[in-house]
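Please keep the sequence and the structure in view while reading.

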Amino acid sequence: STLSETLSEEAAYTPMEHPLEILVEFPDGLPRPLARTVLYVNGEIADENTAPPFDHFTWDLSEYTSSSAHTIQVEAIDSLGLIGVSIENSVQITVQRTPQSVITTLAKNAPLIAGAAVAVAGGILILVLIVKGRIKPKAFGRRRLKKSTADKINLDKNIAPLPVSQGTPVQRRRISYWVNRFAWPQRVSQPQKPIAYLELFGETKSDSEKVHIPISSDEITFGRDPKLATAPFNDLSIEDLHARIRVNPQGEITIHDEGSTAGTWVNFSQISTEDVKLSHGDIIHIGRIGLCLKLTDKKKIPKPVIRSQEHRS
């Protein structure tokens, strides 16, 4: 019991928790009551307040037993349902370990020490038997060699010679053996070519330097959380899961919003959660991020229509 108490005392680190205080500001200058505040550590909820005080958190540090880096972020929701998120802040936790006593070290490594002791004792016992002549390694090896040689001779006697016919079965067997030894070239599957790609709208870079998002799967999700979005964007105007693009079996590309606050826009018109068909050259805004859809199949790209001035009037 004394040893277990010593180990538990050495395994405990202080402080077990850390208080945090935040300052909530309203961009429109109109303070409103808060309904909920949440503290995120590495993207997971560490503490939350649903009642006053909303500007104080307690960070539980009991689960950290080694030095590590973490990111903290705070989310606040006011009485109108408006959500504000702070920027991510990096925090370094340093754990200073106290020197362990000899008894503690032996207790933690007891299985390893016991195994080493058994191995050493077994080695000493084998050495003593060899010295006393109880075990003769050379004679043991010779007996085994003689037995294996005898087994080989008896095995050879039991094998009957294979009859060879007038044809060429042995020749065919040899040919097939050498044919199978050749490394014949295998057909390599080519990667699927994307049917379209999204290009960041408004960039002035050259074509080789522009960021392209290929559309080669049946579905692409956009958002700020990499766990929910296959195409993540680190922008505060984008929700964790903001919008979704789908490709049906006929090759038609559609997009819909996932109920975001900033919304999803196609050709400067806001869309809903219903699918909207996309065409070559459509301009898409996901929050503040602008994208342009471009098809890779030139046959599906509509040709420009030139109208005369008389037709326009």
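Strand 12 (residues 243-247) is mostly covered, with four of its five residues buried. Buried means under 20% relative accessible area, exposed means over 50%, and partly exposed lies in between (1.4 Å probe, protein chains only). Strands are DSSP runs of E with at least two residues, and helices are runs of H or I with at least four; both are numbered from the N terminus.

The model is predicted, so local features need pLDDT of at least 70 and side-chain atom pairs count only at pLDDT 80 or more, while totals for chains, interfaces and linings use all residues. Residues are numbered from 1 along each chain as its sequence is written, and side-chain values use heavy atoms, with hydrogens and water left out.

Two strands pair if DSSP finds at least two bridges between them.

Strand 10 (residues 219-223) pairs with strand 11 in the parallel sense over two bridges. There, Gly-223 has Pro-232 of strand 11 as its bridge partner. Strand 10 also pairs with strand 12, in the antiparallel sense. Ile-220 has its bridge partner in strand 12, at Ile-245. On to strand 13 (residues 253-257): it runs antiparallel to strand 12. Arg-246 stands opposite Thr-254 of strand 13.

Which residues of strand 17 are buried on each side? Ile-283 and His-285 are buried on one side, and Ile-284 and Ile-286 on the other.

Strand 14 (residues 264-266) runs antiparallel to strand 17. Trp-265 has His-285 of strand 17 as its bridge partner. Strand 18 (residues 289-295) is also antiparallel to strand 17. Here Ile-286 has Ile-289 of strand 18 as its bridge partner.

**Antiparallel pairs**

| Pair | Bridges |
|---|---|
| Strand 10 and strand 12 | four bridges |
| Strand 12 and strand 13 | five bridges |
| Strand 14 and strand 17 | three bridges |
| Strand 17 and strand 18 | four bridges |

**Two hairpins**

Strands 12 and 13 form a hairpin with five residues between them. Gly-251 in that turn has a positive phi of about 85 degrees. Strands 17 and 18 form a hairpin with two residues between them. Its turn holds Gly-287, with a positive phi of about 70 degrees.
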